[in-house]
Amino acid sequence: MISAIAEDYDEETLVSWLGAGMARVAQLVPGFAERPSTTKIPEVVPRESDTARFYLFEAVTALFRHAASVRPLLVIFDDLHAADEPSRLLLEFLVRQLRGARLLVVGTFRDVEAARSPDTGDALGRLARDAQLLNVRGLGRKEVRDLIEVLSGAAPSQAYVAAVHEQTEGNPLFVREVVRLLAADPAVQLTEQRGVPIPGSVRAVIGRRLAPLSSDAIQVLSAAAVVGREFDVALVAHACMLPVERVLDGLSEGAALGVVTEEERAAGLYRFSHSLIREVLYERLPLLARTQLHLLAGEAIEHQYGIGSEAHVAELARHFAEVAVAGGEASKALEYARRAGDRAMGVCAYEEAAAEYQ
């Protein structure tokens, strides 16, 4: 988000907008220091922690205010229930300070997930006080009919729509998966009395969706699930120990089924189309295999970016922590966790830093 705005303008413009705040914003933009003309960026003046975070938030707010004065901005935050505390605090600050700006902020969250954590619920409640809250429920029968027609390319019968709507309760993911399941498996019958023979959970539906994948594709996607929701082909190839050609073939299978999508912003970068798909693949892995993949993924990051890579230190901490929990060597996990905490402190993400240090 911040990177996208910073990339649209040259350093001279950004410095004219932000002044000393430019250095603070630069801390949040990976690779910014390597851009041309960064010598114009002033140095960060050390301040006490609360003051430092205030000035950082103020600088980010100024960036959005100036950018929105040039052209209107739409900023979308998906899955706010999963956001870390520093990010939510920054969003609260932005919402309060940017009233009247030509900026529309849209945030989505799953209320069930938010309710599991009192802190998350409180934070989202504070955001809601300054926002218009729209509760998105299951699709109505007409919307389910329209979605089925788009997915199948044919107008469904009333009995078909009624059965799908009843079994899925209008959940778009369920509807999508059920329609694909019925289209892919002619042996599955739909009747008005029995309804849709849908498994009892979305994970089971996703499991059926993954069934056509070859063993290579499952191996590749399982390794990708360990790497993360977004993943680099090179890291996955190292982790699953397959030639790049077979890795790409496996990803092509996954893309054909809509399990993963290729990101347009960077070559070799993919993303799981839904976080639950990644969770299903990850949970299916036996503990020993999962631990081995975390180790290989961590080593791949070290090899590709170097052990001194600060941009990837939190990922390294996560992978080697999983190895340590399973009884492996803990020294790397401790070192990367400490460095991840230091990096989080450097960008005023104090809660994240505390979690890493702990």
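Here is a short tour, one selection at a time.

Before you click, note that this is a predicted model, where local features need pLDDT of at least 70, side-chain atom pairs count only at pLDDT 80 or more, and totals for chains, interfaces and linings use all residues. Residues are numbered from 1 along each chain as its sequence is written, and side-chain values use heavy atoms, with hydrogens and water left out.

**Stop 1: Asp79.** Select Asp79, in the loop between strand S1 (73–77) and helix H5 (85–97). Helices (H or I, at least four residues) and strands (E, at least two) are DSSP runs, numbered from the N terminus. Asp79 has a phi near 55 degrees, a positive value in a residue other than glycine. Most residues other than glycine have a negative phi.

**Stop 2: Cys348.** Now jump to the loop between helix H18 (331–346) and helix H19 (350–357), where Cys348 sits. Its phi is positive too, near 65 degrees.

Which of these stops is buried? Cys348 is, because its relative accessible area is 7%, while Asp79, at 22%, is partly exposed. Buried means under 20% relative accessible area, exposed over 50%, and partly exposed in between (1.4 Å probe, protein chains only).

**Stop 3: Thr120.** Pick Thr120 in helix H7 (residues 118–129). Thr120 counts as buried because its relative accessibility is 8%. Show His81, Arg88 and Ala114 as well: leaving aside neighbours within four places in sequence, Thr120 is in contact with these residues. Contact means heavy atoms within 4.5 Å.
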